[in-house]
Amino acid sequence: MFDLSQLSRRDRTALIVGGIAVLITVVVFGLILPYQGAMSRLDARIAARQKQVREVDALQQEYRVLQRQLAEAQTRLAKSKGFSLFSFIESQTTQVATKENLIYMRPQQTATREGRQEESVEIKLEKLSLDQLVRFLFSVESADAYLQVKNLRVRTRFDDPALLDTTMTISSFGGSA
């Protein structure tokens, strides 16, 4: 076999230094670098999972908002039973302006949309101030029944640019068809 005592001091030193170098190389390339690679891959996976958790949280919040909006819409649809779109428009017009501002109300063809009865009325209002128009639109938006302004055309008057003429279509959604 191999006897270390036969080697010179210089050869023993070189052999020990070489052995230590091989040992260090094995430790670095066999243990430390694979460990660091595994840790960096795990860190990347952790970051990816944290991003997924944030996305799920955002989707959960959006889902809750949509659930709340759906519940509100269903409540408003339930309140729509027995609701008269014509009388609502007439009463809101008299609250915001005068009956003389309401030029006409034309019923549109009744439609069925997503299983609900949709009643639409085209109305024309003339000589309204911007404030009156905004209050009227707010009253439509905040009505107990489920109403929607489908079409809105606003023009300034030629004789008085401070006043507006508007034509709009308002729809109400009632019970199941």
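How many helices and strands does the secondary structure of the chain come to?

Author: The chain has 3 helices and 5 strands, where helices (H or I, at least four residues) and strands (E, at least two) are DSSP runs numbered from the N terminus. This is a predicted model, in which local features need pLDDT of at least 70, side-chain atom pairs count only at pLDDT 80 or more, and totals for chains, interfaces and linings use all residues. Residues are numbered from 1 along each chain as its sequence is written, and side-chain values use heavy atoms, with hydrogens and water left out.

Read from the N terminus, the order of elements is α-α-β-β-β-α-β-β. The radius of gyration of the chain is 39 Å, whereas a compact globule of 177 residues would have one near 16 Å; the radius is taken over C-alpha atoms, and the globule rule is 2.2 Å times the number of residues to the power 0.38. Along the principal axes, the C-alpha atoms fill a box of roughly 125 × 45 × 25 Å. Buried residues make up 23% of the 177, with buried meaning under 20% relative accessible area, exposed over 50%, and partly exposed in between (1.4 Å probe, protein chains only).

Now the core. A nonpolar core is a set of buried Ala, Val, Leu, Ile, Met, Phe, Trp, Tyr and Cys residues joined through side-chain atoms within 4.5 Å. The largest one has 19 residues, and those touching the most other members are Ile89, Ile123, Leu125, Phe136, Leu147, Met168 and Ile170. Two or more residues of this core come from each of α2 (85–96), β3 (116–128), α3 (130–141) and β5 (164–176). Ile89 is in contact (heavy atoms within 4.5 Å) with Met105, Val121, Ile123, Phe136 and Ile170, leaving out residues up to four places away in sequence.

Strand β3 also holds Lys127, which is partly exposed at 44% relative accessibility. Lys127 is not a glycine, yet its phi is positive, about 60°. Most residues other than glycine have a negative phi.

Helix α1 (residues 9–79) contains Arg12. From Arg12 to Ser91 the C-alpha distance is 109 Å, for a separation of 79 residues in sequence. Arg12 is partly exposed, its relative accessible area being 34%. Beyond its neighbours within four places in sequence, Arg12 touches Leu4, Ser5 and Leu7.
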